[in-house]
2 protein chains.
Amino acid sequence: MSKLQFHTRQSVEQVEEGTDLAPKFGADGVLPCITTDAATGEVLMLGWMNAEAFRLTIETGEAHYFSRARGVLWHKGATSGLVQKLVEARIDDDQDALWLRVDVTGSGASCHVGYRSCFYRAVPHGAEAGAPLVYVEDHKTFDPVAVYGDAPNPTQL
Amino acid sequence: MSKLQFHTRQSVEQVEEGTDLAPKFGADGVLPCITTDAATGEVLMLGWMNAEAFRLTIETGEAHYFSRARGVLWHKGATSGLVQKLVEARIDDDQDALWLRVDVTGSGASCHVGYRSCFYRAVPHGAEAGAPLVYVEDHKTFDPVAVYGDAPNPTQL
């Protein structure tokens, strides 16, 4: 029996200015979720949620995502131990994107490559546009092979 | 003549561990972009970029998006004056999401409804799951009607 109710989207005013939770999932059944470190504000990752992942995240207080690459629900940290504990969840104006502020257990990392944030490289801009990517994290926080073994890499070309 | 070069995606190692910019746009030609206030870390919005919006953002240092609702390139602030000046751009591990850290000119707002952030409502979680959304911003920073007039609202049901 679920406590969380998704309201039917009835008007722009309801969606933008109301207090009904009425999320819009895309044609593929998912919406994007921004996850930041509640303490530092750093963006850790951009994930995707289907209705079930959304519901589980809100009800359990631990981030769940839907892996588009693997087509499965995914309790973040189930393998790595790097669980994301929800501090605050926010939804955007038209309710098709979510923002989670989290505390990460263990080493604090959230990236399968081993870095703290998935966004470990900067794209030079302005006068520097076109220069190679620049690393903003200088070391990995864990060894992905030790943690994930031979599980398939989620990155797809 | 463009300075920015998008490399062909050749291997997971190149994409995740290299310094080649090799973004992956989705089947619809866009990728998600998280935009945060460079000073406070607050998430202002989640937008979408096609290749042209990405290129213009990096080369001009002002955020450009692709409006999926209107099907057009969009220089943020062209109507409202609330231009987003790029402080830093970061790309994620598999290069299918971007994070912009920006300074917003004028009132500092980024939301078409009038709030500073598009994420002006919290979703109660855990023991409070199912409760109505909670406003975390208590006033609008501008009057959308005065700024946008009768331009169509981008929110779609």
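How many salt bridges does the rule find across the interface of chain A and chain B? The points below start there.

1. The rule finds 6 salt bridges across the interface of chain A and chain B, a salt bridge being a side-chain nitrogen of Lys or Arg within 4 Å of a carboxyl oxygen of Asp or Glu. Lys140(A) forms a salt bridge with Glu17(B), with 2.8 Å between the closest N and O atoms.

2. On conventions: this is a predicted model, in which local features need pLDDT of at least 70 and side-chain atom pairs count only at pLDDT 80 or more, while totals for chains, interfaces and linings use all residues. Residues are numbered from 1 along each chain as its sequence is written, chains are lettered from A in the order in which they are written, and side-chain values use heavy atoms, with hydrogens and water left out.

3. Contacts and area. In chain A, 66 residues are in contact (heavy atoms within 4.5 Å) with 66 residues of chain B. The two chains bury about 5,600 Å² between them, 58% of it on carbon and sulfur atoms; buried area is the accessible area (1.4 Å probe) that two parts lose on being put together, summed over both. In chain A, the residues that lose the most area to chain B are Phe119(A), Arg121(A) and Leu157(A), together 13% of what that side buries.

4. Polar contacts. Between chain A and chain B, 45 residue pairs are in polar contact, both residues at pLDDT 80 or more. A polar contact is a pair of N or O atoms within 3.5 Å; within protein, one must be able to donate a hydrogen and the other to accept it, and residues adjacent in sequence count only if both atoms are side-chain atoms.

5. The side of chain A that touches chain B. Its largest share, 6 residues, comes from strand S5(A), strands being DSSP runs (E, at least two residues) numbered from the N terminus. The residues of this side divide into 33 nonpolar, 16 polar and 17 charged.

6. Pairing across the chains. S5(A) and S7(B) pair in the antiparallel sense over 2 bridges, where pairing requires that DSSP finds at least two bridges between the strands. Arg90(A) has Ala122(B) in S7(B) as its bridge partner.

7. Pairing within chain A. S5(A) also pairs with S6(A), antiparallel, over 7 bridges, and Leu86(A) has Val102(A) as bridge partner. These two strands form a hairpin with 6 residues between them, and Gln95(A) in the turn has a positive phi of about 60°. S1(A) and S6(A) run parallel, joined by 5 bridges; here Asp37(A) stands opposite Val102(A).

Key: Helices (H or I, at least four residues) and strands (E, at least two) are DSSP runs, numbered from the N terminus. Ala, Val, Leu, Ile, Met, Phe, Trp, Tyr, Cys and Pro count as nonpolar, Asp, Glu, Lys and Arg as charged, and the others, Gly among them, as polar.
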